[in-house]
Amino acid sequence: MRVLKRNLTAYGFLCAALACFAVFAWYPMVREFVLSFQRTNLVDPPVWVGLDNFAAVVRDPAFGTAWLNTLAFTVLALICGYAVPFGTALVLNELRHARGYLRFVVYLPVMLPPIVAVLLFRWFFDPGPGLFNQILGLFHLPGLAWLDSSSTALISLVIVSTWMNMGSATLIYLAALQNIPSELYEAAELDGAGILARIRHVTIPQTRLILLLMLMLQIVATMQVFIEPYMLTGGGPENATVTVAYLMYQFAFTYGDGYGQAGALGMMLMLALLVFAAFQLRLTRDDREVTA
Amino acid sequence: MISVGARASARRARGGRRPRPIEVRFRTIVSPHQLNSRWGRRIYWAVLLTVLTLSTLAFVFPLYWMVTGAMKSGEELARMPPTLVPEAPTLDAFAEAWQLFDIGLLLRNTAFYALGGWLVTMAVDVSAAYALSKLRPALGNVVLGAMLATLMVPPMVVLIPLYVTVSDLGLLNNPWGLWLPAAANGFNIFLLKRFFDSIPKELVEAARIDGAGPLRVLWSVILPVSRPILGVVSIFTIVTSFKDFVWPLLVMTDSDRMTISVGLSQTAGAVPQNTIMAGLVIAGIPTIIVFFFFQRHIMAGLTAGSSKG
């Protein structure tokens, strides 16, 4: 009897969360799967269309470009958004002055609403009086077209994205660096390891776990990039910045009632991320076996 | 050692003042000894100066440019090369932005969604974490696992089906369409539960013997000792909701129900540059103020998931 009562009260406290998760987290996962095989305009009852949605998505002229762009964006964002924060954290950790200020400043852009960062950079990228071309002009360099040219548009998006997101990664690495026991550095030093050798043989192995975790999180996050192309380029010029997430949005909201196609593309994105996650897990496991 | 001492005394003999050593409270890659050598110190100050300059240029200067841009006239903004300090600083653009974007309404909406979302999220997630941690129902771990599993699903993937669901429920342009999905947050429940787990059982038991029911235990025992984690979760919930863009863009489409981010994005194309900048400054101020006051909590929360996880 007491057990029953305890369970009843416990589920009483849980019921609100269970309802929220059921309707707004678990059900949409199922719905995603179902939606990708249906045609619906949210008013009439949905119709089963088999694999039509997938076919329509693959036939879309921007489909291949979107994947290539997403991949390129992810790789570029990793080079900037992975190496830059780690390097910054390494340097910040060595400094003994102005630590509070530097942390504050690095994290400042993360606190801004993304729309503020994005619209601010849209102005900086302006080929005329924009800040970036003014700075280039200061060094007598020719200005760039930034967002208006298909060769620089994607890298421009990466710059914005790195600027507004790198703060959190930097602080997470900084916390990890501070957890490294100092004895390890002392021992390495006694063995005659120089600064680079200490980074390679002490710092990186000691932060490996968090580095791998962040790699995974960042890839998953950057593969979903949406707000930058949505606000800055609208996918252009010449589809140079159409990403998978942006294409998904277009299917659903600008092509008119393409919720099914958007769902199908979402399934593909999910699958791609799953394959990647499995690959990553496999890689880390092999790694561990080697070190063990 | 001898040579170091000898060199130091030689320098003193030459009349050079021995500089104060750089204080080292914790050991990092560069050893304290290296750092305080003659070259080490020089390199250190050079690096410090470079890092300070670069980080200020990279992270503070854009914000300075935004604020001063809002204070320049349209004619001054278009000038090449640009002026570093506004010639005739004016707040006209702010007044204009307030009118054009209807910022008062947008800010009120955003604050209302953020505070309401905070209340709903806290009520739902705290009671769930309390049940999972202290009341321990049958299948509790399965429930927790299913909640945490939602963290594995990339938000963009479920965006469309979530939109379809919310639309089916008739929650478009309704604040509950923002609040309820936000409450289904596995990470909050994970953080809260982990903190509740660390509260000694004896504390709860003692209250129960004194005749307190489960709700009373939660209110008078658990919540008062959980202030740190409640603070972290609260700040993150409010700031996230304030910053959110994609979901409010889809759900709150009526122009008198938009959030500030969405409102600015919809009008920004048709407005002079200094007015946009003024709008951005106003939109950025609330979160920056929060950051000034709760810096410590925010940074603690950032590493909360990773340090012990």
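Which residues of chain A does the UniProt annotation "transmembrane region" cover? According to that unreviewed entry, they are 7–27, 71–92, 104–125, 145–164, 209–227 and 258–279. UniProt positions follow the numbering used here, feature names are shortened, and annotations may be inferred rather than shown by experiment.

Before going on, note that this is a predicted model: local features need pLDDT of at least 70, side-chain atom pairs count only at pLDDT 80 or more, and totals for chains, interfaces and linings use all residues. Residues are numbered from 1 along each chain as its sequence is written, while chains are lettered from A and ligands numbered from 1 in the order in which they are written.

Two of the annotated spans are set out here.

| Span | Distance between end C-alpha atoms | Helix and strand |
|---|---|---|
| Residues 71–92 of chain A | 31 Å | 100% helix, 0% strand |
| Residues 258–279 of chain A | 32 Å | 95% helix, 0% strand |

Helices (H or I, at least four residues) and strands (E, at least two) are DSSP runs, numbered from the N terminus.

Let us turn to chain B. Its secondary structure comes to 16 helices and zero strands, and its C-alpha trace spans about 80 × 65 × 35 Å along the principal axes. Chain B has a radius of gyration of 27 Å, whereas a compact globule of 309 residues would have one near 19 Å. This radius is taken over C-alpha atoms, and the globule rule is 2.2 Å times the number of residues to the power 0.38.

An automatic or database domain assignment gives chain B domain 1 (26–90) and domain 2 (97–307). Their centres, taken over C-alpha atoms, are 34 Å apart. Seven residues of domain 1 are in contact with seven of domain 2, where contact means C-beta atoms, placed from the backbone, within 7 Å. On the domain 1 side of chain B, α3(B) gives the most, with four residues.

The largest nonpolar core has 153 residues, and Leu119(A), Met248(A) and Leu280(B) have the most contacts inside it. Such a core is a set of buried Ala, Val, Leu, Ile, Met, Phe, Trp, Tyr and Cys residues joined through C-beta atoms within 7 Å; buried means that 20 or more other C-beta atoms lie within 10 Å of a residue's own, with C-beta atoms placed from the backbone. Helix α7 (residues 153–178) of chain A supplies the largest share of this core, 16 residues. Both domains of chain B give residues to this core, so it lies between them. Leu119(A) touches residues including Met231(A), Leu264(B) and Leu280(B), not counting residues up to four places away in sequence.

Terms used:
Buried ≥ 20, exposed ≤ 12 C-beta atoms within 10 Å, placed from the backbone. Contact = placed C-beta atoms within 7 Å.
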